[in-house]
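Here is a short walk through one protein model. Keep the sequence and the 3D view side by side as you read.

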Amino acid sequence: MLPVRMKFLQLLSHKAERLETLFQIPCYQNQVPCTGLATSTCLHSKKKKPKGYEHVDQEKYKSLVYSVTSYKTSAQTPESILEEDNYLYGPPEKQSLQVKAETKLPKNWVPLINPKKSVSHLSSGSALPLKITLQGSRVPSVTRILQGTLSPLQAFYLERWKQRMILELGKEGFAEYTKNLFHQGELFHAALESILLPGATATEEQRENAAVSGYLASVQQVLEEIGQVKALESAVQHETLQYLGLVDCVAEYRGQLCVIDWKTSEKPKPFLRNTFDNPLQVAAYIGAINHDANYDFQVRCGLIVVAYKDGSPAHPHFMDPDLCSQYWRKWLLRLEEYKDKH
């Protein structure tokens, strides 16, 4: 497009010389004393020179003018958006967009730690982990709340990813791709549950299954640092704020009781910020456990483990009590936003 613009500017420059000639008044060249009458006569007696633009071949430059004037308003396609958005937009989490949310406080403040419940989590090692079934309820889930309150920027990147995958795989291929991802996640969580149950190990079939064998190898080092499993795939509900969820695991990690969230990824996520809304999800589960009468303990820390299919070492992202408190405040804001919309 740049060469077209250059040609257009050159054309204007060329015609500007004619305009300069047009406005040179001949009577000034003769140095004749000018009175009001003489000047009027001089101006009106001379034959007007034709304007340069009257002789321009408009048909010849029609496509040039149209390409320049329509450049900024031309319709974009999904392909052009995919090529241009990396130059027009920054990373998914922009600091300028987070400042406003960080300074805003929730209207309905509920503490992360329940003052009416004991903080101690000591129990006998022989107790089986809690596994409460998630019942049908009209109470919204953590996942639904987070999906319903995505920022415009998050929604843009999610839609961009979806359009890119559809372009590569087609609609049917994309549907099959997401179905396989969901199935792999189910198999991975089932294998982890077999490993984390007291005295149990993953079956030979699970370890040899190509869909999960890489993920299991990826988290092997993290599993060696986990003990005192207190809940597995267990439902939680915040009795005051009225939301629910399904916790992957509650266990000790390096001596700290944590809500553990297992994630799979095709791309490396070495930093907590790469996990997007997952820290909010973990904070929401921690708050729910602490205010759920089914759990006689409280949790102060979180852990997000990102596993990789190729077996490369997983990235464990530990969330200390201070960090959990920060994300708890952000979760309360998202929860309020969801309730305002519904």
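Which residues does Thr149 touch, not counting residues up to four places away in sequence? They are Arg334, Glu337, Tyr338 and Lys341; contact means heavy atoms within 4.5 Å. Thr149 sits in the loop between α6 (142-147) and α7 (152-196). Its relative accessible area is 2%, so Thr149 is buried (under 20% relative accessible area; exposed is over 50%, partly exposed in between; 1.4 Å probe, protein chains only).

A word on the basis. This is a predicted model, where local features need pLDDT of at least 70, side-chain atom pairs count only at pLDDT 80 or more, and totals for chains, interfaces and linings use all residues. Residues are numbered from 1 along each chain as its sequence is written, and side-chain values use heavy atoms, leaving out hydrogens and water.

Now the whole chain. The protein chain has 12 helices and five strands. These are DSSP runs, numbered from the N terminus: helices are H or I with at least four residues, strands E with at least two. Of the 342 residues, 36% are buried. Take the contacts between residues at least 6 apart in sequence: 75% of them join residues at least 24 apart.

Next, the cysteines. The structure holds zero disulfides, a disulfide being a pair of cysteine sulfur atoms within 2.5 Å. For Cys258, the nearest cysteine sulfur is that of Cys301, 5.0 Å away. Cys258 is buried, at 0% relative accessible area. The sulfur of Cys324 also has its closest cysteine sulfur in Cys301, but at 5.9 Å that is too far for a bond. Cys324 counts as buried too, with 0% relative accessibility.
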